[in-house]
Amino acid sequence: MTDLPALPTTPAPRSRARMLELVFPKDTNYLGTAFGGFVLSLMDKAASVAAVRHAGTGGAVVTARMDGVDFHTPIRVGDAVALDARVVRVGRSSMTIRVDVYRENMASGEQQLATTGVFVFVALDEEGRPRPVPPLAEGLDTASQHPDPEARP
Ligand SMILES: CC(=O)SCCNC(=O)CCNC(=O)[C@H](O)C(C)(C)COP(=O)(O)OP(=O)(O)OC[C@H]1O[C@@H](n2cnc3c(N)ncnc32)[C@H](O)[C@@H]1OP(=O)(O)O
């Protein structure tokens, strides 16, 4: 077997996470549409990755608040779900993360905004105490208040 050259490592994107998931029957209700709790758990997961990517190393992040979640459009079994989570505001140890969820009809190839929400995560140090997070890069705070269709996963 030929030895492969060492593959390079590159920095992960900062303050943002995109994610794709498929909707299976186990994720849906009797109407064949995704459970709200299933969508919320995907949003929490994507938001937590964006929070970790912003807060950096040195401890964990925890969900402190889920706010203003709106289910605009049902997501159906067989759809793909595309999530875009980005940090839009930071305090001392808290990070506000906007999450936009799109349903993707795999047959037509069309995407549609389905769910939106705002999450607050808090960065903790190794002892579980709130720890300071870096400031938000310039432009992200104002550019991220609305869905960013160009950034869909
Ligand atoms: C990834 C997961 O699934 S985690 C599981 C679900 N989440 C949890 O179990 C978290 C449980 N909650 C906790 O551990 C605590 O309440 C914490 C860590 C969120 C906050 O701890 P506190 O001792 O209240 O911290 P403190 O009062 O110093 O506040 C720290 C920061 O959190 C913010 N904060 C605390 N609670 C909330 C809240 N409910 N909503 C929004 N922000 C909050 C504060 O405004 C403060 O922000 P700042 O540092 O930017 O000014």
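A search of the whole structure finds 10 salt bridges, a salt bridge being a side-chain nitrogen of Lys or Arg within 4 Å of a carboxyl oxygen of Asp or Glu. I will come back to some of these after the fold.

First, the ground rules. This is a predicted model, in which local features need pLDDT of at least 70 and side-chain atom pairs count only at pLDDT 80 or more, while totals for chains, interfaces and linings use all residues. Residues are numbered from 1 along each chain as its sequence is written, and side-chain values use heavy atoms, with hydrogens and water left out.

Now the overall picture. The protein chain has 2 helices and 5 strands; helices (H or I, at least four residues) and strands (E, at least two) are DSSP runs, numbered from the N terminus. Along the sequence the pattern reads β-α-β-β-β-β-α. Taken along the principal axes, the C-alpha atoms fill a box of roughly 55 × 45 × 30 Å. Of the 153 residues, 39% count as buried, where buried means under 20% relative accessible area, exposed over 50%, and partly exposed in between, with a 1.4 Å probe and protein chains only. The chain exposes about 8800 Å², and carbon and sulfur atoms supply 57% of that area; accessible areas come from the Shrake-Rupley method with a 1.4 Å probe, and for residues only the protein chains shown count as cover. Among contacts (heavy atoms within 4.5 Å) between residues at least 6 apart in sequence, 74% join residues at least 24 apart.

The 5 strands form an open sheet in the order 1-3-4-5-2, with antiparallel pairing; two strands pair if DSSP finds at least two bridges between them. Strand 1 (16-22) and strand 2 (61-71) are the edges, and each has a single partner strand, so one side of each is left without a neighbour in the sheet. From one strand to the next, the twist averages 25°. Axes here are lines fitted to C-alpha atoms, for helices over the stretch in contact, and angles run from 0 to 180 degrees between N-to-C directions.

Strand 3 (residues 80-90) and strand 4 (residues 94-105) pair in the antiparallel sense over 10 bridges. Within strand 4, V99 is the bridge partner of A85. Helix 1 (residues 36-55) packs on the sheet and touches strand 1, strand 2, strand 3, strand 4 and strand 5 (110-123). The direction of helix 1 makes about 55° with that of strand 5.

Back to the charged pairs. Which residue forms a salt bridge with R16? The partner is D84, with the closest N and O atoms 2.8 Å apart. D84 lies in strand 3 and R16 in strand 1, so the pair ties together parts that are 68 residues apart in sequence. Both residues are buried; for D84 the relative accessible area is 0%. D84 also meets R86 in a salt bridge, at 3.2 Å from N to O, and R86 counts as buried at 2% relative accessibility.

Another pair is R129 with D125, where the closest N and O atoms are 3.2 Å apart. R129 is partly exposed at 48%, whereas D125 counts as buried at 19%. Salt bridges that share partners join R16, R18, D84, R86, R98 and D100 into one network.

Last, the nonpolar core, meaning a set of buried Ala, Val, Leu, Ile, Met, Phe, Trp, Tyr and Cys residues joined through side-chain atoms within 4.5 Å. The largest one has 29 residues, and those touching the most other members are I75, L83, M95, I97, V99, V101 and F121. Strand 1, helix 1, strand 3, strand 4 and strand 5 each give two or more residues to this core, and helix 1 gives the most, with 9 residues.

Take V101, in strand 4. V101 counts as buried at 0% relative accessibility. Beyond four places in sequence, the contacts of V101 include V39, M43, I75, L83 and T115.

I75, counted the same way, touches residues including V23, V39, V81, V101 and T115. T115 is in strand 5 and counts as buried at 1% relative accessibility. Among the residues that T115 touches are V39, M43, V69, F71, I75, V99 and V101, again leaving out those up to four places away in sequence.
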